[in-house]
Amino acid sequence: MPDHLHPFRGDPIPEALTRRVLFPGDRGYPRYTSGYFRGARPGVVVRPESVAEVQEAVRFAARHRGVPLGLLSGGHGLSGRSLNDDGIVIALDALNEITVSDGNRVRVGPGARWGEVAKALAPHHLAITAGDHGGVGVGGLATTAGIGWFARKRGLTIDHLRSVDVVTADGELVHASAEENSDLLWAVRGAGANFGVVVSFEFEAHPVSERVGFAMLVYVPDDVAAFLHAWGTTIENADPTVTGTLMTGPSRPGSPTLVQALIVVDEDDPDTVVDRLQPFAALAPMANQPVRMVPYAALLDLPAGGEQQHGRGEPRGHAGLVRHLSPDVARGLADLLASRSSFVLSIRSAGGAVADQPADSAAYGWREANFLIAMLGGGTADVEQRWADLVPRFEGLYLSFETDTGPDVLARAFPAGHLRRLRALKATWDPTGLFRDNFFIAPDGDPADLVAQR
């Protein structure tokens, strides 16, 4: 059968997309069966190379409202919801332009990766605070929040987003900025996957030093709970140029707990970097403590030849946001780490400039949270119960690291007032719930039929 007649659920592929679709067995299709963590087998992958083709792809998806619909930019999301089984995936990786203009404005396509963005901006001595891994796609992170290495000094990625071009559920191209369709821009900045396909982002980049301080410390704490509490207090009291992440997991019986700390100091003077790291040196015994001065782009370097993704199965992951690593939160985390299951726990620092914006300035509403706590793996009844015991201590949820779904998850992901506003906007921009496979926000009105279809 000629490619242009190849049906999907009995519907021929639109002529404008015949060279942009992949079916199981086609060359190139396997790239879209694995994200960073999750495996899948879509029924059809549409890989548009222009905005007009994205519009055609969305209209095609709208004719198949009953099957899953995934939007893939980098495929790095822990939840893996950019992929699916037997449904449609609109892969945006070909829309990867990065254009730097006067006034520090940068136009970026959703398929670009943050490592590429950092390299493109480096010659201009600019950066956009964005995540902590260069393989992350722009489209996913820039529609969630973006907690990165400069968060405490520069805020979230969405705080630097000035406008977007969005293909909405009816296939129309809409521009949203502070002056035009401002409610849509508000929604995209935190709940974007629900409101359309962002085909272009306009950011305002910020200055960055030629080099920044980067420390990789390995702690061996005697008292995990006390260490976590002290870490939290130290980060909160640190200069805003200091941002850090902890990585750890359950230790083997009889073995000490090892905690890796990755700390970035946004200063180019080595003496200042060392001075601002000093408070962290006394937190616990250390097995390793190298400190280097590196370009920011080097922190997001991708492997030669690009990043290969080989995710399989259904990963489990959870996330929570807290204002402080209080003794109560620290004890709960230490109890989680006492499990004999295997998982990775990360604690990323936010705070600082993140709280400089009003809580209602974007769909992301947890401005007062100083820490993002995320867990990947586990999945056992023991780990799930220990995590459930932690949840009442949280005051928000970061969607990119959560695999659970449902109304209770949405209630933790957005403040109540934000969620009411999002439902009203959903009724305006996507009343039939076409974009529903990444933490579905039901539109205002009676959502029973849409929920049933979900």
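Q: Where is the place of Asn-104 in this model?
A: First, a heads-up: this is a predicted model, where local features need pLDDT of at least 70 and side-chain atom pairs count only at pLDDT 80 or more, while totals for chains, interfaces and linings use all residues. Residues are numbered from 1 along each chain as its sequence is written, and side-chain values use heavy atoms, with hydrogens and water left out. Helices (H or I, at least four residues) and strands (E, at least two) are DSSP runs numbered from the N terminus. On that numbering, Asn-104 belongs to the loop between S7 and S8.

Q: How does Asn-104 count by relative accessibility?
A: Under 20% relative accessible area is buried, over 50% is exposed, and in between is partly exposed (1.4 Å probe, protein chains only). Asn-104 comes out at 29%, so it counts as partly exposed.

Q: What is the phi of Asn-104, roughly?
A: Most residues other than glycine have a negative phi. Asn-104 isn't a glycine, yet its phi is positive, near 70°.

Q: What is the bridge partner of Val-45 in S6?
A: S4 (residues 44–46) and S6 (residues 88–91) run parallel, joined by three bridges. In S6, Val-45 is partnered by Val-89.

Q: Which strands stand at the edges of the five-strand sheet?
A: The order in this open, antiparallel sheet is S7-S8-S12-S10-S11. Two of its strands have a single partner strand each, so one side of each lacks a neighbour in the sheet. Those two are S7 (98–100) and S11 (173–177).

Q: Which residue in S12 is the bridge partner of Val-106?
A: S8 (residues 105–108) and S12 (residues 197–204) pair in the antiparallel sense over four bridges. In S12, Val-106 finds its bridge partner in Phe-203.

Q: Is Glu-202 buried or exposed?
A: Glu-202 has its place in strand S12. Its relative accessible area is 17%, which means it's buried.

Q: Which side chain makes a polar contact of 2.7 Å with that of Glu-202?
A: A polar contact is a pair of N or O atoms within 3.5 Å; within protein, one must be able to donate a hydrogen and the other to accept it, and residues adjacent in sequence count only if both atoms are side-chain atoms. At 2.7 Å, the partner of Glu-202 is Ser-163.

Q: At roughly what angle do the axes of H9 and H10 cross?
A: Axes are lines fitted to C-alpha atoms, for helices over the stretch in contact, and angles run from 0 to 180 degrees between N-to-C directions. The axes of H9 (residues 327–337) and H10 (residues 381–390) come within 9 Å of each other. They cross at roughly 175°.

Q: Which residues of H10 meet H9?
A: Contact means heavy atoms within 4.5 Å. On the H9 side, the residues involved are Val-329, Gly-332, Leu-333, Asp-335 and Leu-336. On the H10 side, they are Val-383, Arg-386, Trp-387 and Leu-390.

Methods. Pairing = 2+ DSSP bridges.
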